[in-house]
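Biologist: Please walk me through this chain. I would like to know how to read each feature as we go.

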Amino acid sequence: MRVLFAAPARLWDDWAPALRAACPEIELTRDGAPDSFDALIYAPGYPEDGTELDFSPFVNARVVQSLWAGVERIVTNPTLTQPLCRMVDPGLAQGMVEYCTGWAMRAHLGMDNYPQDGVWRQGMTPPLASDREVTVLGMGELGRAVAATLAGLGFDVAGWSQSGRPVEGIPVLAGDQLELALARAEILICLLPDTPETRNLLDADRLALLPEGATIINAGRGTLIDDAALLTALDRNHPGHAVLDVFRTEPLPPDHPFWSHPRVTVTPHIAAETRPATAALVAAENLRRAMRDEALLYRVDRMRGY
């Protein structure tokens, strides 16, 4: 099986050993005649001259396996006709669970209410987790994992997705119930993909539905929230705080108002990282499935964009 590593060169040293260990039968290379490849391991940024990859010469490729969970920068490529699979990495999921749980607990316990300034602040005991309502927007692999963990800690968790597909142990609101999902969200965790339907989903009107003082944790995509509307809403304590890990432009420009806003915490897209050691096993399974003409894992629906 001949596989092209169609990803930025900086990733080669970490990924090549992991992929070869997970799938020793592959011939993994960074160049060659396009029609000689059975599959591509792909990440945006390849080729590195700034042009968009033309997939059309790869006439024998049976699968394009993305290295990343997000595929919005791939599905819009008009030359892509091969099956595309997104990455669902157990290590990435665990990282997302830890990030969202950590920030949710910080918000729930009000840890930022205790500056070390010599003032004794009794009377600020937080409610128990069972009395705290959390909504998770996006109930894919990551959303389900985060929701299950928070529910296991005792939080009153509900999910929302466009389809409303049931999830065991978690009530899931469907597309037209978004207002209900937001109105209950003392802590709102955003894990939706970037699609035409989700862009600016949280605009001024929808942000106003959140409870006063609510916390937003956005580890999905920067396009989900209208930046200007969020800043205006934060000035009104509605919501009260936003933890943002993803942005429309990354790195976030030094002069962006998020950096200086007292109700915003910026983290540099660290919520979840694809780990080669665990992700290579997923890629290897899809490569084998492609060569056996079997159903692929996590195949992207081009119409939905994920």
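**Reading the model**

Modeller: Start with charge: the mean positions of the 26 positive and 40 negative charges of the protein chain are 3 Å apart. Lys and Arg count as positive, Asp and Glu as negative, and His and the chain ends are not counted. Each charge is placed at NZ of Lys, CZ of Arg, CG of Asp or CD of Glu.

Biologist: What ground rules apply?

Modeller: This is a predicted model, where local features need pLDDT of at least 70 and side-chain atom pairs count only at pLDDT 80 or more, while totals for chains, interfaces and linings use all residues. Residues are numbered from 1 along each chain as its sequence is written, and side-chain values use heavy atoms, with hydrogens and water left out.

Biologist: How many helices and strands does the protein chain have?

Modeller: Helices (H or I, at least four residues) and strands (E, at least two) are DSSP runs, numbered from the N terminus. Here there are seven helices and twelve strands. The radius of gyration is 21 Å, close to the 19 Å from the globule rule for 306 residues, so the chain is as compact as a globular protein of that length. That radius is taken over C-alpha atoms, and the rule is 2.2 Å times the number of residues to the power 0.38. Along the principal axes, the C-alpha atoms fill a box of roughly 70 × 45 × 35 Å.

Biologist: What share of the 306 residues counts as buried?

Modeller: Buried means under 20% relative accessible area, exposed over 50%, and partly exposed in between (1.4 Å probe, protein chains only). In this chain, 49% of the residues count as buried.

Biologist: In what order do the strands of the five-stranded sheet run?

Modeller: Two strands pair if DSSP finds at least two bridges between them. The five strands form an open, parallel sheet in the order β2-β1-β3-β4-β5. At the edges, β2 (27-29) and β5 (84-85) each have a single partner strand, so one side of each lacks a neighbour in the sheet. Strand β1 (residues 2-6) runs parallel to β2, joined by three bridges. Within that pair, Val3 stands opposite Leu28.

Biologist: And the sheet of seven strands: what is its order?

Modeller: This open sheet reads β8-β7-β6-β9-β10-β11-β12, with parallel pairing. Its edge strands are β8 and β12 (264-266), each pairing on one side only.

Biologist: Are the faces of β10 covered or uncovered?

Modeller: Both are covered in β10 (residues 215-218): Thr215 and Ile217 on one side, Ile216 and Asn218 on the other, are all buried. Four parallel bridges link β10 to β9 (residues 187-190), and Thr215 is the partner of Ile187. Another four bridges join β10 to β11 (residues 241-244), again in parallel. There, Thr215 partners His241 and Ile216 partners Ala242.

Biologist: Now single residues. Is Ser161 buried or exposed?

Modeller: Ser161 is buried, at 10% relative accessible area. Ser161 lies in the loop between β7 (156-160) and β8 (172-173). Contact means heavy atoms within 4.5 Å. Leaving aside neighbours within four places in sequence, Ser161 contacts Met139, Val172, Leu173, Ala174 and Gly175.

Biologist: Where is Met105 placed?

Modeller: Met105 sits in helix α2 (residues 90-109). Its relative accessibility is 27%, so Met105 counts as partly exposed. Beyond neighbours within four places in sequence, Met105 is in contact with Leu153 and Phe155. The C-alpha atoms of Met105 and Leu150 are 9.2 Å apart, with the two residues 45 apart along the chain.
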